[in-house]
Amino acid sequence: MSPFENQKHDSSSGALMADLVAANRILLRQGVLDAFGHVSVRSAPGASTFLLSRNLAPGSVTRSDLLLHDLDGAVLDDDRPPYLERFIHSEIYRRRPHVMSVVHSHSPAVIPFSVVEAPFRPVIHMAGFLDVERTPVFEISDFAGDSSDLLVTNRQLGSHLADVLGEGRVALMRGHGSIVVGSSLPEAVYRAVYTEVNARALFEASILGVPRLLSIGEAESADQSVGGQARRAWDVWRAQVSEGGTE
Ligand code: MN
């Protein structure tokens, strides 16, 4: 049953749900999500609810698995188990009213940058959205002690993580993964994919020599021109995951 059943815009909500299912499959196909990680979307601009799958591998998610959550991370009108780390999403949506979508992943090329001093910085034009100085790293032991499971499983930890993200687009989580936000679902998906691509490029360049990074001006210009076309990537990826009639 649709969580939007009693709301006015059933058709647009249905489209949003279909897009969120597609986003799960796109991010799986692009190697950002695997059996773990999740992507969410705010119900509407300014809404205090968001859609996120129940506790399920991203490749298995269908429309009927999507649960409506509030900004406390509580699930509305559904008893099925939610993701343990839903507080990542709820606390970012609480803190950042203009964020419309959040991706939490363990995308593999990014994780090494969370455990070394070397900063994660943009080195390719498709990743101008990254912080030129350094992507912040959430150090969970600062808040959960030195014996935690590294998971963000309550509001307090989610709030600390949102603090570390600040007004940025990406934050790393030490020994765990990353979070990426966007002002739309396609933008968050695009950024999550190219965060992983940038991590591979930066690592490979570092083997060859000392990488030349994007300047602040280049990152801003590239983000405007390339990032403005995130929709093109979305349309291609969306078509790829729709071909099998999986929705
Ligand atoms: Mn995780």
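Where does proline 119 lie?

1. Proline 119 sits in the loop between β4 and β5. Please keep in mind throughout that this is a predicted model. Leaving aside residues up to four places away in sequence, proline 119 touches Phe113, Glu133, Arg134 and Leu202. Alanine 35 is 84 residues from proline 119 in sequence, and the two C-alpha atoms are 27 Å apart in space.

2. Next, have a look at strand β1, residues 38-42. Of its 5 residues, 5 are buried, so the strand is largely enclosed by the rest of the structure. Both of its faces are covered. His38, Ser40 and Arg42 are buried on one side, and Val39 and Val41 are buried on the other.

3. Which strands does β1 pair with? One is β4 (residues 101-105), joined to β1 in the antiparallel sense over 4 bridges. Another is β2 (residues 49-53), also antiparallel to β1, over 2 bridges. Valine 41 is a handy landmark for both pairings: it stands opposite serine 101 in β4 and opposite leucine 51 in β2. The hairpin of β1 and β2 has 6 residues between the strands, and there glycine 46 takes a positive phi near 80 degrees.

4. Now to the metal site. The manganese ion is coordinated by Glu85 through OE and by His104, His106 and His176 through NE2, at 2.1 to 2.2 Å. Along the sequence, these donor residues follow the spacing E-x18-H-x1-H-x69-H. Glutamate 85 belongs to the loop between β3 (66-70) and α2 (86-95), while histidine 106 belongs to the loop between β4 and β5 (137-138), so this pair ties together parts that are 21 residues apart in sequence. Glutamate 85 has 6% relative accessibility and therefore counts as buried, the cut-off being under 20%.

5. Finally, consider a helix pair. The axes of α5 (residues 185-208) and α7 (residues 230-242) come within 9 Å and cross at roughly 90 degrees, so the two helices are roughly perpendicular to each other. On the α5 side, the contact is made by Leu185, Pro186, Val189, Tyr190, Val193 and Tyr194, which meet Ala230, Arg231, Trp234 and Trp237 in α7. By type, the residues of this contact divide into 9 nonpolar, no polar and 1 charged.

Definitions and conventions. Residues numbered from 1 in each chain as written. Predicted model: local features only at pLDDT ≥ 70, side-chain atom pairs only at ≥ 80, totals over all residues. Heavy atoms only, no water. Buried < 20%, exposed > 50% of the residue type's maximum accessible area, 1.4 Å probe, protein only. Pairing = 2+ DSSP bridges. Donors = N, O, S within 2.8 Å, 3.2 Å for Na, K, Ca; no water. Axes fitted to C-alpha atoms, helices over the stretch in contact; angles between N-to-C directions. Parallel < 35°, antiparallel > 145°, perpendicular 65-115°, else oblique. Contact = heavy atoms within 4.5 Å. Nonpolar A, V, L, I, M, F, W, Y, C, P; charged D, E, K, R; others polar.
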